[in-house]
Amino acid sequence: WLVRSRPGMGRHEAEQGLACAPFDLNRYGDLTINVALVILLLFLTSVNMWWVCFTLLTSCLVIYAWDHFRFLRVASRSCFATNHMDNCGQYMAALPCALLAGVFAFKLQGGQAMVRSWGKSSFLSYHIEWVIVIAAVCLHLVAHVLILRFWVRRQLKPTNETPSTPYTEAASRIACNWFNANPVHCLRSAHHHLHEPPHVHHLPGKEYLHRCNKDIHAYYEAPDYCKQGSVADDLKELVRSEWQAVRSEWQAVRRAGATLVSPRHLRRPPPA
C-alpha cells in the first residue's frame with residue numbers, strides 16, 4: 001500500500017521500499033542486559049524471584065523464535081564469514097557472570113540480614129562488605145576474560161580442510177560469484193564482449209535474472225527466470241509516472257478553481 005499509493009514512485013524506489021532489511025545481531029546486547037538486570041535483582045531476597053526468572057526464560061524463548069523466523073523468512077541477506085561476533089558475545093557474557101559472583105559474595109556475608117542491621121543514614125557509606133562484592137566482580141571479570149583469551153582459544157583446533165566441491169557445482173547452486181559481483185565486469189560482458197546471455201550484476205532478491213552460460217563461467221540458472229526491463233521501458237515508466245503526477249495536480253487545480261468561481265459569485269447584484 002505504501003508503494004502503490006504513490007504514483008510518482010519509480011521502480012527502483014519501489015524495490016528499495018519493499019526490500020527486506022539485512023539481519024542484524026543486536027540480540028547479543030539485548031540478552032546480556034536482560035540477564036544482567038535479573039542477576040542484579042538477586043541482591044534483593046524475595047519470594048517472587050522465581051517469577052522474574054520465569055519471565056526471563058519466556059522472553060528469551062520468544063526472542064529466539066522470532067529471530068529464527070526473521071533470519072529464515074524475512075531478512076534479505078546475511079553474511080557471517082567469521083566468528084568475530086560470536087567471540088564478542090562470549091566476552092560480553094563475562095559481565096553477567098561477574099555480577100553473579102558479586103551476588104554470591106554478598107549472600108556469603110549475610111545478605112539482607114546484614115543490610116537490615118545497618119542504619120538508614122549509613123547504608124551508602126563505607127562498608128567492607130561492598131568492597132568485597134566489588135572485588136569479587138572485578139576478579140571474576142578478569143578471570144573470565146583471561147580464560148576466554150588463552151585457555152579456550154587453545155582448546156579450539158583450527159580446521160584447514162580444503163573443500164572438495166568443484167567450482168562448477170558450487171556456482172550452479174549459489175547465484176553470486178566472482179564475475180557477477182563486479183558491475184564493471186557485467187557491463188563489459190554485455191556491451192564489450194557481447195556475451196549471450198551475459199553476466200548480470202548480482203543483487204539480493206534478483207536471482208531470477210541469472211541464466212547459465214558455461215562459456216563465460218556462469219553456471220547458475222534461475223528456475224523462475226524473468227527478463228529485466230530495458231532502459232527504454234524504464235524511461236516509458238518514468239514518463240508515464242510524471243504525466244500522471246502532472247495530470248493529478250492539474251485536476252486538483254481545476255477543482256480548486258471551480259470551487260472558488262461558483263454561480264453565487266457570478267450572480268449579478270439586484271437593481272437599485
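**Entry 1**

I started at Phe-69, which is partly exposed with a relative accessible area of 40%. The model I am reading is a predicted one. I then looked up Trp-66 and found it partly exposed too, with a relative accessible area of 42%. Trp-66 and Phe-69 are three residues apart in helix 3 (residues 49-74), so about one helical turn separates them.

I searched the whole structure for aromatic pairs and got eight. Trp-66 and Phe-69 form one that is tilted, with 5.8 Å centre to centre and 35 degrees between the planes. I noted both values because a pair of aromatic rings is described by the distance of the centres and the angle of the planes. The angle falls in the tilted class because stacked planes are under 30 degrees apart and edge-to-face planes over 60.

**Entry 2: other rings**

Which residues do ring pairs link into a cluster? I wrote down Phe-43, Phe-106 and Trp-130.

I also checked Arg-149. Its charged end sits over the ring of Phe-150, 5.4 Å from the ring centre.

**Entry 3: the chain as a whole**

I counted the elements next. The protein chain has eleven helices and zero strands, and from the N terminus on the order reads α-α-α-α-α-α-α-α-α-α-α.

I looked up burial for the protein chain: of its 272 residues, 21% count as buried. The chain exposes about 21100 Å², and carbon and sulfur atoms supply 65% of that area. For contacts between residues at least 6 apart in sequence, I recorded that 55% join residues at least 24 apart.

**Entry 4: a patch that includes Leu-40**

I found a nonpolar surface patch of about 280 Å², made by Ile-33, Leu-37 and Leu-40. I placed Leu-40 in helix 2 (residues 27-41). Leu-40 is partly exposed, with a relative accessible area of 40%. That value passes the patch criterion, because patch residues need over 30% relative accessible area.

**Entry 5: Asn-180**

Is Asn-180 buried or exposed? I read 3% relative accessibility, so Asn-180 counts as buried, the limit being under 20%. Asn-180 is in the loop between helix 8 (167-173) and helix 9 (183-192).

I listed its contacts, leaving aside neighbours within four places in sequence. Asn-180 touches Ala-175, Cys-186 and Val-200, together with the histidines His-199, His-201, His-202 and His-210.

**Entry 6: the loop between helix 9 and helix 10**

I went through this loop residue by residue. Leu-194 lies in the loop and has a positive phi of about 55 degrees, although it is not a glycine. At 62% relative accessibility, Leu-194 counts as exposed.

Where is the cis peptide bond that I noted here? It runs from Glu-196 to Pro-197, with omega near -5 degrees. Pro-197 lies in the loop between helix 9 and helix 10.

I placed Asp-215 in the loop between helix 9 and helix 10 (231-260). Asp-215 counts as exposed at 72% relative accessibility. I then took the C-alpha to C-alpha distance from Asp-215 to Glu-196: the two are 9.7 Å apart in space and 19 residues apart in sequence.

I ended with His-217, also found in the loop between helix 9 and helix 10. Its phi is near 65 degrees, a positive value in a residue other than glycine. His-217 is partly exposed, with a relative accessible area of 38%.

Note on methods:
Residues numbered from 1 in each chain as written. Predicted model: local features only at pLDDT ≥ 70, side-chain atom pairs only at ≥ 80, totals over all residues. Heavy atoms only, no water. Patch = residues over 30% accessible without salt bridge, like charges linked within 9 Å, V, L, I, M, F, W, Y side chains within 5 Å. Areas by Shrake-Rupley, 256 points an atom, 1.4 Å probe, with all protein chains shown as cover. Salt bridge = Lys/Arg side-chain N within 4 Å of Asp/Glu carboxyl O. Helix = DSSP H or I, 4+ residues; strand = E, 2+ residues; numbered from the N terminus. Buried < 20%, exposed > 50% of the residue type's maximum accessible area, 1.4 Å probe, protein only. Contact = heavy atoms within 4.5 Å. Phe/Tyr/Trp six-rings, centres within 6.5 Å; stacked < 30°, edge-to-face > 60°. Lys NZ or Arg CZ within 6 Å of the ring centre and 35° of its normal.
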